Amino acid sequence: MADPVPDARDVDRARRRAEERADEVARAKVRYAQATGELDRLAAAAALAVERYNGEQVKLARAVAAYRDALARLDEAERRHAQARSELAAFAAKAYQANTGYNAWPSVVAGGGGPQGFMDRAGLLEVLARRRTGLLQALEAARNVAGVFRAQARSALAEQNAATQRAMQARHTAEQAVQRQQEAVRELGAEKRRLERELGIARERADELARRRRQALADTDATGARLHGSRARASVVVRAALRWLGTPYSWGGGTVHGPSYGIAHGSRIHGFDCSGLAMYAWAKAGVQLDHWTGTQWTSGPHIPLNRLRPGDLVFYAYDTADPDTIHHVGVYIGKGRMVEAPYTGGRVRISSIWRPGLIGATRPGG
């Protein structure tokens with residue numbers, strides 16, 4: 001049993017499903033582009049984090065070298081500290097052996113040799129006292145220097161280690177973000193490809209239904225073209241236009257015999273533009289029109305919009321007060337709808353006539 005001939009509603013539903021899939025593909029492409037842009041941003045941030053980490057590694061190497069240098073200076077300071085302590089201990093031993101102690105006056109008073117001996121002993125004691133004071137100061141300075149070097153070395157190394165750890169964590173976080181975004185981009189890319197496949201299937205289904213409907217309508221064209229009267233003629237016009245639902249828009253395309261290759265960016269597209277479709281449809285009813293909306297507008301009486309009949313041509317202009325700005329035409333099929341070849345990238349379709357720019361209608365040869 002042969003498949004039933006699809007009616008206009010079947011074709012329209014299939015077209016709507018294809019358009020819905022096209023919208024889904026468009027949204028998926030936007031999401032994919034946004035995700036790819038975010039991946040580029042994160043990759044740049046990761047590269048910056050890696051470079052900061054590399055910089056901290058260089059600083060850490062310098063800090064380690066500085067730490068080792070500080071340790072060497074610390075060793076030298078501690079050696080001087082020990083030397084100062086030894087010298088002070090030796091001084092104390094000599095002072096004890098000389099029986100001078102730490103108080104000069106008993107020796108000065110008890111010593112012999114008269115005034116000269118007193119002066120000699122007083123000078124010696126003064127020298128020893130100065131020597132002791134100097135040794136104590138040297139000991140304290142060595143202790144302070146060693147403490148400063150020790151604190152500086154530890155502090156510098158600890159701070160640089162902390163900075164390196166922070167840089168390493170930032171690098172790790174940035175690289176993880178890039179990895180997650182790469183996964184998101186892969187998932188969105190897979191979703192986009194899946195939707196594109198579904199769009200292709202939906203379009204093929206809609207094209208097949210439209211083809212079968214055109215074929216069914218074509219079977220009645222031969223007898224329809226011989227009918228007389230405006231209503232019969234209008235029926236032929238409508239059927240002729242409906243026959244090519246789904247045909248690609250081609251700028252400059254269409255002849256009285258059907259779709260054709262157009263001009264300029266339509267030169268490789270086999271189809272109709274808006275005035276080419278109107279010319280073809282009315283040629284089937286025996287009325288010759290130019291391939292131009294300008295003369296199609298004047299090809300018959302202008303019909304009030306509340307008195308439209310199937311087959312009438314409806315026109316759209318940039319300025320509805322100026323017919324010279326007419327840029328589009330469609331074939332009216334009733335109930336506020338028309339068949340039109342809409343725009344580059346579109347296909348012959350059924351749509352509402354009620355949209356901005358509607359300037360009026362014409363009944364060719366009426």
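The largest cavity in this predicted model has a volume of about 50 Å³. The structure holds one cavity of 30 Å³ or more.

**Cavity lining**

- The residues lining the largest cavity are S230, R233, A234, W282, R309, P310, D312 and R363.
- Sorted by class, four of the lining residues are charged, three are nonpolar and one is polar.
- Helix α4, which spans residues 230-242, gives the most to this lining, contributing three residues.
- Rolling a probe the size of a water molecule over the atoms shows where empty space is left.

**R27 and its setting**

- Helix α1, formed by residues 8-97, contains R27.
- The relative accessible area of R27 is 46%, so this residue is classed as partly exposed, a class that lies between the cut-offs of 20% and 50%.

- K192 belongs to helix α3, which runs over residues 114-224.
- K192 is classed as buried because its relative accessible area is 16%, and buried means under 20%.
- When residues up to four places away in sequence are not counted, K192 touches A28, K29 and Y32.

**The two residues together**

- R27 is partly exposed, whereas K192 is buried.

Conventions: Residues are numbered from 1 along each chain as its sequence is written. This is a predicted model: local features need pLDDT of at least 70, side-chain atom pairs count only at pLDDT 80 or more; totals for chains, interfaces and linings use all residues. Side-chain values use heavy atoms; hydrogens and water are left out. On a 1 Å grid over the protein atoms alone, a cavity is a set of points where a 1.4 Å probe fits but cannot get out, and a pocket is an open set with protein on both sides within 12 Å along at least five of seven lines; lining residues have an atom within 4 Å of a point. Grid points are joined across faces, edges and corners, and a volume is the space filled by probe spheres set on the points. Helices (H or I, at least four residues) and strands (E, at least two) are DSSP runs, numbered from the N terminus. Ala, Val, Leu, Ile, Met, Phe, Trp, Tyr, Cys and Pro count as nonpolar, Asp, Glu, Lys and Arg as charged, and the others, Gly among them, as polar. Buried means under 20% relative accessible area, exposed over 50%, partly exposed in between (1.4 Å probe, protein chains only). Contact means heavy atoms within 4.5 Å.
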